[in-house]
Amino acid sequence: MQTTTFRIFLGAVFLAVVCVAGCVRRSEPGDPLPGLTQDEKEKFGRGKAVFERTFVAADGLGPLFNADSCGECHEEPAAGGPGDEVETHATVLMADGTCDPLLNQGGPVVQQQVTEALHAALGITAEPTPARATGTGRRSTPDILGFGLLDAVTDETILAYADPDDRDGDGVSGRPNRFVDGRIGRFGRKAFVPTLREFNDGAFPIEQGITTPTAPQEESVAGKPIPAGVDPAPDPEITAEDLELADFFVRALAPPAPRPLKSYGLRGRRLFVAIGCATCHVIRLTTGPNPLAALHRRHVAAYTDLLLHDMGPDLADVCLGQATPSEFRTEPLMGLRLSSSFLHDGRAASIEEAVRLHGGEAQRSRDRFDALGERDRQALLRFLQSL
């Protein structure tokens with residue numbers, strides 16, 4: 001009897017050890033990064049409340065806006081996931097090759113909604129697209145899961161992948177975009193915004209029309225001041241504390257763990273590397289030193305180099321910073337399975353269609369994808385659908 005009890009005890013210990021090693025809970029969409037302290041988890045929760053706060057006109061919404069909350073756009077299947085909203089951008093590519101973001105005419109983001117007060121004053125239902133624009137583009141709403149890890153990747157790491165002159169002759173010549181002050185960008189489809197804090201803070205005035213302590217004035221209507229009386233809320237319309245909380249929430253969102261792969265999907269992962277996809281969609285990046293322990297020197301399966309690549313004329317739309325109309329930042333593929341439309345403008349209804357629309361520097365890899373046998377193509381797609 002004692003021997004049987006002892007064996008049961010040993011079995012329980014063995015299962016506990018196995019579970020510690022292999023039963024760690026996988027991050028789901030909307031989860032915080034593993035390793036947060038209790039205080040940080042509480043801050044994450046308060047930040048989520050700000051992220052999901054729905055603004056109304058009395059709070060300062062608009063008078064031009066695209067959404068009434070961060071969570072309205074980044075919503076599926078949880079806060080921080082992708083959404084079905086599509087917005088419009090407009091810029092001017094100058095004759096000398098420089099880019100005018102049309103800031104004095106309401107660009108580069110053209111807001112798609114107006115408050116009732118602005119509609120009554122001007123009779124418009126959306127901001128007019130600047131007539132000077134030489135390019136317009138549609139922008140789908142991606143997920144922002146794991147963006148804190150992307151922010152924590154060092155500039156040196158990004159530059160190490162750059163090859164603007166294609167010195168290795170592989171047909172891929174990624175280069176960084178730079179902000180107006182010369183800092184390396186990494187956020188946005190054109191990799192123009194250097195830091196996650198600027199990306200998050202900028203979303204309040206640009207997407208919701210909510211003024212902030214750093215942007216206390218309302219956006220113009222195609223370059224003209226808003227009519228008197230259409231925005232009764234005092235500026236700024238959100239506090240510095242709430243901005244900090246919203247930023248922490250986004251910064252601490254974990255990337256969703258990829259689904260486990262069996263042999264067929266594992267073959268697809270090998271093919272992903274073999275046909276050259278991983279040249280731009282770099283599988284793993286490592287963060288640098290960071291005051292938030294959960295971001296400090298961490299590996300992230302981001303599937304991006306955060307660089308600009310020429311994707312060919314068929315995908316070209318707007319310029320931004322140093323990015324030409326046909327250049328886009330390599331899209332991070334972590335969380336790819338959460339999306340129902342693909343590419344920067346959502347034109348692709350499937351991952352396979354998105355792959356087939358790649359051109360420019362990605363043409364060689366796309367041709368190799370097309371040359372795969374049906375079974376290998378499906379294995380590669382199975383892998384991508386697991387991310």
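**A helix pair and a disulfide**

Let's start with two helices: α7 (residues 196-208) and α8 (residues 240-251) pack with their axes 10 Å apart, at an angle of about 125°. That angle makes α7 oblique to α8, since angles under 35 degrees count as roughly parallel, over 145 as roughly antiparallel, 65 to 115 as roughly perpendicular and the rest as oblique. From α7, the contact (heavy atoms within 4.5 Å) is made by Leu196, Arg197, Asn200, Asp201 and Phe204. Helix α8 brings Ala240, Leu243, Glu244, Ala246, Asp247, Val250 and Arg251. Helices here are DSSP runs (H or I, at least four residues), and strands are E runs of at least two, numbered from the N terminus.

A word on the model: it is predicted, so local features need pLDDT of at least 70 and side-chain atom pairs count only at pLDDT 80 or more, while totals for chains, interfaces and linings use all residues. Residues are numbered from 1 along each chain as its sequence is written, and side-chain values use heavy atoms, leaving out hydrogens and water.

Now for the cysteines. A search of the whole structure finds one disulfide, meaning a pair of cysteine sulfur atoms within 2.5 Å. It joins Cys99 to Cys319, S to S 2.1 Å. The torsion about this S-S bond is about 80°, so the disulfide is right-handed. Cys99 is buried at 18% relative accessible area, and Cys319 is buried at 2%; buried means under 20%, exposed over 50%, and partly exposed in between (1.4 Å probe, protein chains only).

What about Cys73? Its sulfur lies 8.4 Å from the closest cysteine sulfur, in Cys70, too far for a bond.

Terms used
Axes are lines fitted to C-alpha atoms, for helices over the stretch in contact, and angles run from 0 to 180 degrees between N-to-C directions.
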